[in-house]
Each structure stands twice: as C-alpha cells, then as structure tokens.
Amino acid sequence: MASGIASVASFNALFSVPAIAQETIKRGKKCILLWLCGAPSQFETWDPKPGTITGGPFGAIPTSIPGVQISQLMPKCATIMHKLSVIRSMSTEPSEHFQGIDVLTRGDQPRPPFTRPILGSVVAEQLGQLDSPVPQFILLDPCPEGNEFKSFKAGNWAGWLGAQYGPVRSGGEYAIPDIVRPESLSQLDHEDREALRKFLSRKFENDQRSQAAAGYNAAFDRVKGLMSCAPLFDLDKLPQEDRRRYGPGAFAQYALQARHLIENGSTFVMVANGMPWDNHVFQHEMHQMLVPELDNILFQLISDLEERGMLQDTLVIAMGEFGRTPWLNEARGRDHYSKAWSMAMAGAGIRPGVVVGQTDPMGFEVTDNPIDNRRLFATIFRALGIDPKEQYDLPDLPTFHRVEGNVQPIEELLVG
Amino acid sequence: MQRTITRIHDFKLPTAILGACLLDDHRELIAACMDGVYRVEIESKKYDRIGQHESYASSAVFVPGQQVAITAGYDGKLKWFSVKDNALQREQKVHSFWSWDMAVSKDHRWLASVTGQYLAGDYKYAPAQELEPCVKILDAADGRLIHALSHVPSVQSVVFSHNSQYVAAGNLMGQVRVWDVQSGAQVGGFESKDFTSWGIIKSHCYLGGIFAMEFTPDDAHLIVCGMGDMRDPMAGNGKQLWQRWDWKEGKLISQTNEKQSGEGLMEAIALHPSMESFLMGGRLRGGEWNAALFDLASGERIGTIKSGYRITQMLFNHQGQLIVVGGQGQPGKSNDGKFPDFGRVEIYEINS
C-alpha cells in the first residue's frame, strides 16, 4: 500500500487513486470538539474576575475585542478573540461528572429507555459520508482511565442511531491494532482475498437474509476503510513543524491529529485527555499548565483552519461538562459548579467575536442571558446546518426531538 | 515521650494566610494573605492591612537590623515594609511568574525567592525547562541580585541553612538542589520520587512535589515534606509525608512512620526551639491529625494537632509557644453578600 510510506500532509498521497480521495473529501460542515473533561475553571479561562476574592491568583488581559478581557493564561487567544465566540452565561443542572458529561455531549438528560445519541454520532449521521474510508466520528483520547469519563466511554455512544455511528477510538493506549497490511501479503493478494470473502459473505447475507452476516460485512468494510487510512492515525507521520507548534503534550498532539483527520475526510473528531480539569486539589497549580496548553491549541487550530480556508466549514468547540466554584476549598481546589460557567466556539456558522451573557462581579450567578444545554445544542446544530427540531417517532417510545423543549438557538451567535 | 499540645488562643483574618513571620517582640506578626499583607497584634487580635500584591501574598520574613518586613507574592514581586510606620519602602519585580516561596538567611543578610510555571514539556507532561532562573538570591538590605540559579519548574519551597552558608530549593518533581550562598555553586542535592504523583487515573500530568523544608540543627540533613503518591491526583489523599535526607550524599535517612500518618498535603515544617523535635503541618484529608510533633532523633510522632483547617506555616515565639497560621476552605458567599473570614491564627502550648 503506497499510502503507508507517504506523507500524510497530502490526502491524495494516501490513496492510490486520487479520484477516490477527492470523492472522499466532500466539502461539508465538520466539527472538532475539544472536550475539556473534568470541567475547567471559567475564572482562569474566559470569565476572569481580577481583583476579587473569587478571582484567584491569575490576572486578566485585554483581547482583540475592545473591552473584553480573558485570563492572563490565554495570551494567544487574546490576539484572536475576534475570531472566537464565548458564552459566559452557561447555566446547567447536573453538577456531577457522569451526568454532566451525558448532558453536555448528548444535549439533554437521559429519558430511559431512550438513549440520545452523542453529538458526534448525530453529526456523523447527518453530515458524514458512510462510503468514506475515513471514520466519520473519531474519539482521540490517550488517557484510558479517567474515572467517570471511563465509565461514560464504556457506554452507549450512538444511542438509537445504531452502532455504526459510534466513534472509532484512537490515541495512546487506544491505538488501533492490526490495520497495516503485513508485508508478506501483497496488495494484489490482499484485494483478491477480500473480493472472494465479500462475494461469499454477501451471497450468504442475501440468501439467508442474515442480520449477523450484514453486521459482519459492515465491520469488514469499516476495517478496510481503517486500513486504507491507517497513516492518518499515526502521530509520527504528522509534520514535525506542526507537532512543534501545537506543543508537546498528548492533548496538543491529538488536537493536531484532529485537524489532520478533518482535513482528510472525517466529519467529527472529539479530543479528550482523560479528565485533567477536575482540580479539586491544586486548582491553580494545574490550571497554570492546562490553560496555556489549551490557549496554544486553540490559537494554532483556528489559525490553521483559517489559513486552509476550512474555518467557515469547520466548527471548533472547547468546553467541559460544567465550570468550577467561585470559592476555593481547603485543598487549594475549586469544586464543581454548573450555575455559571463558560465555553468557546469558532468557525462554521458561528458569528465571530461575540461574547454572550455575563455573570455577576464575583462569578456566582448568571446576570444576563442564561444559556442551558438545550439552547447550546440548538445553536450548535443550527450552525452545522442540522435541524434542531427534527422529530423522531421510534417504535414503542414517545416522540422525541433532536433538541427537546422547542428552544431557540442563540441567534446572536449564528451567522446569517 | 508524648507531648500534649493545647490551643490557648485563636482568631481569624479575612482571607487565608499563605505565609507569616513574627516581629521583634513576638507579639505581632506579618501575615501574607490572599488579599494582601496584614500586620496583626496577636493578643488583642487587632489587624491592619498594610499593603497588597497584585495577586496573593505568599511569604513574609522579618529583618530585624533594618526593621523591615519583606513580603513576596504571586505577582513575582518582593516588597519591603517598614515596621515603624508600615510604609512601603521598596518593591522589586524578581520573577515573571509567582514567587512560590521566599526565605531569609538566619543572619538576615540574604533573601531567596523561588519561582517557575509548570508547563507541558513532553507527551506525558513532564515539566518544560525553566523560562527564567527559578531561584534568585538577593541582598536583603537593598534587593541587589546576588545569584540567579537554575532549577526545574515549579520550585515551590526554599530554605537557608542555620549557618547561612547554604540555600536549598525543592520542586514539583521532588528534586532538591543545594547551593553555597557565597559562590552560587551547587554543592548537593537529591531527588525523591515519593512526593510527586503522575495521574494514572484522570490525568496524565504531574502534581505535588516538595512544599516545605528545614535543615537539621547541624545543617547535615534536610527534612522535606509534601504528600505521598496518589493514583488519582485529584483525590488529595496521598500520605502525610516527611523525609530526612543527607543532602551532600543524596541519601534518604528516614521518613514518616507509615502507621503514624494519615492523608493530606503537608506544607509547613518548623524546628522546635529545643532542637530536639520538629513539627510538620498541612491539610487533613483522612486520619487523625493535620500537624504533628516528631522526635528529631527517632522520627517518632510525639504529639498531634487537629486544627480543622489547612496549615501553611508554623512559628515559635520567645515563650516556646507554637503559632499556627493557615486558612479554612473559602466559604460560599453569605446572605449579606460578603465572605465570612477564613484566615486562621492559633496559638498552642506544648507540654511534656
């Protein structure tokens, strides 16, 4: 396979037939979710309160939007604030991780026995290309543990959409095994074997009307796709200069890989790194490292997408499952806080340079334009061109909507 | 022999105290707090805020010859306050990042302040190299820079030897370097991997390190403290840990008796005036005490305190009474919109 030794800087180099490559990279809306699992502090990111007793030890700096300040830990984002949009008035209900992750990745509380699909599954189903060899929903997470996030990862991602819309996981200990053709097997032999297997199993599937055989064939198709794009999952094949720019940490490296996967035909890439933001102890000692890394990742990602002409079609979201308390606990930590927190977006369909909502001077309460998970998801779906009000009538279940409650998107955040 | 440690006096300051020093007569202290620098009359419980840093004040020392109190802060500055009139005499930017800790030599000639921001240095989040020298040695009288010394960020604790010849600095990774103050030459050091956690659960990054140090009376050894390893670094449940090291040989001499310690970050060490025991204090996460007196020779625990709040510094006055400072967890806002006071000062008597 020629792609195995090619540079992945060019998608065309991955495939032996460029026409296939062009067909695969269809132009359409895409999304990168930087999942800040554990929940970052709004005070040390997008909603600083300098000089107050809740503000913590870090200061605030001006940004490219006059009158808007962010944490001093984010000097690079400060220079591109006019390209970002920030919601400072997120106010949601769950204040424990598992429930918070559920709500902020699926858009709503559970309604058993209905399992609402995660954002990536919806986007893959609505905007993805099922015939693409590149997985349409990819989760990059090098940290296999993660407490509640680990439990969540073991759960049902795609819900009623079906497992084919679940993520392909990669990163760290989730390295995808056995997707490189052994050298002892020639490309011709490999294709001949696959053709024979496909003929026999399709015949069986059709003759017997076998669901099991259909699933078996779907799995083979997926593996075949993964084999054809294996280099996309190899960090070592990313351009060294890009790797240097994004920074050395695992989260930064996989954020770069996310950009690369989106460039090369994936539709939704979610990047996480366990749940490092859950700083019940050593809040400032950890955020002094985590926030500058995020600052640089966002700066590089937005700049790269813009430079490649992809930002208008690619939505970048950076958020966790809630925020952190205005007060410090005895262990130098901030605890969970869902009443008033912040998140950021940029790109596809999102109006740049907008700051939505505000909190009181010490960050306890939202004082203007509270935004809950439903309005956030309605906005994200609308930005991506997906109808947030679509209705689903599933057998033996009540009627569901993609976003419940007939809520309105945040119009000031939407382009057009 | 077990000692009884009895609280005889206590009061609160508006915000948590991160560092403190006693003034000449030991009736007053200077407290470095989250919201500024306070001068406190211990007996009367009266206090005045005499100054502020642009962030938390983190340390305070007293220089009797000049009658100044010097504070350091997370703004990277040192400030000299006259104790005659509380006036700010001088301020000096020493670091571009925080001053995590500051110490004065026992002869009051030198100041040492330590800094360093923990930034990702590799795939597994080992700390990146320092962006500025992490250890600064200054002339206490005029702030003149004597040495700028290299270390691995973040450097969280610093102490001078009793003979004022050496200065030691400990960091996030449990690495301690010891320099000769006059020459600036590194003359010793060691690395303990027992104080630093790398998150197997939740996060692949480093937390912890060495938070306080004290030389033994003969300056031959260093006692260092912090918190033992945690599988989940966000749990804060590492062992309350001290270790005694021969810093010239890089050899571990002794450490906390496991049966005598609970869980929690230890961030204060003080030698008893008798020079026969030492105190270690910090936060109680699980167990029975958050400050304890240890026999210097045997390392056995001989007395305990359960203060109910995080201890950040311990001092002894002329009467041999123990002064403990720190802070409770910051309370939520009360109905009147104000925060209840959460800085704590307590005085204890230690009886045999």
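I call a residue buried if 20 or more other C-beta atoms lie within 10 Å of its own, exposed if 12 or fewer do, and partly exposed in between, with C-beta atoms placed from the backbone.

**Ground rules.** This is a predicted model, where local features need pLDDT of at least 70 and side-chain atom pairs count only at pLDDT 80 or more, while totals for chains, interfaces and linings use all residues. Residues are numbered from 1 along each chain as its sequence is written, and chains are lettered from A and ligands numbered from 1 in the order in which they are written.

**Chain B, overall.** I started with burial: of the 352 residues in chain B, 56% are buried. Next I looked up secondary structure, and chain B has zero helices and 30 strands (DSSP runs numbered from the N terminus, helices being H or I of at least four residues and strands E of at least two). The C-alpha trace of chain B spans about 50 × 45 × 45 Å along its principal axes.

**A sheet in chain B.** I then picked out an open sheet of four strands, ordered 1-30-29-28 with antiparallel pairing (two strands pair if DSSP finds at least two bridges between them). Strand 1 (4-13) and strand 28 (310-316) are its edges, each pairing on one side only. Strand 28 joins strand 29 (residues 322-327) through six bridges, in the antiparallel sense. Across from B:Gln313 I found B:Val325 of strand 29.

**Cores.** For these I used sets of buried Ala, Val, Leu, Ile, Met, Phe, Trp, Tyr and Cys residues joined through C-beta atoms within 7 Å. The largest nonpolar core has 116 residues, and those touching the most other members include A:Leu34, A:Ala255 and A:Val271. Helix 10 (residues 283-307) of chain A gives this core its largest share, 11 residues. Another core lies apart from it, with 102 residues, among them B:Met34, B:Val104, B:Phe211 and B:Trp289.

**A:Ala255.** Leaving out residues up to four places away in sequence, A:Ala255 touches A:Leu34, A:Tyr246, A:Val271, A:Ile297 and A:Leu301 (contact is C-beta atoms, placed from the backbone, within 7 Å).

**Helix 4 of chain A.** Is helix 4 (residues 119-127) of chain A mostly covered or mostly open? Mostly covered: eight of its nine residues are buried, A:Val122 and A:Glu125 among them. The cover includes strand 1 (30-35), helix 3 (97-106), strand 5 (137-140) and strand 7 (268-271) of chain A.

**Where the chains meet.** Last, I checked the contact, which takes 34 residues from chain B and 34 residues from chain A.

Conventions
Contact = placed C-beta atoms within 7 Å.
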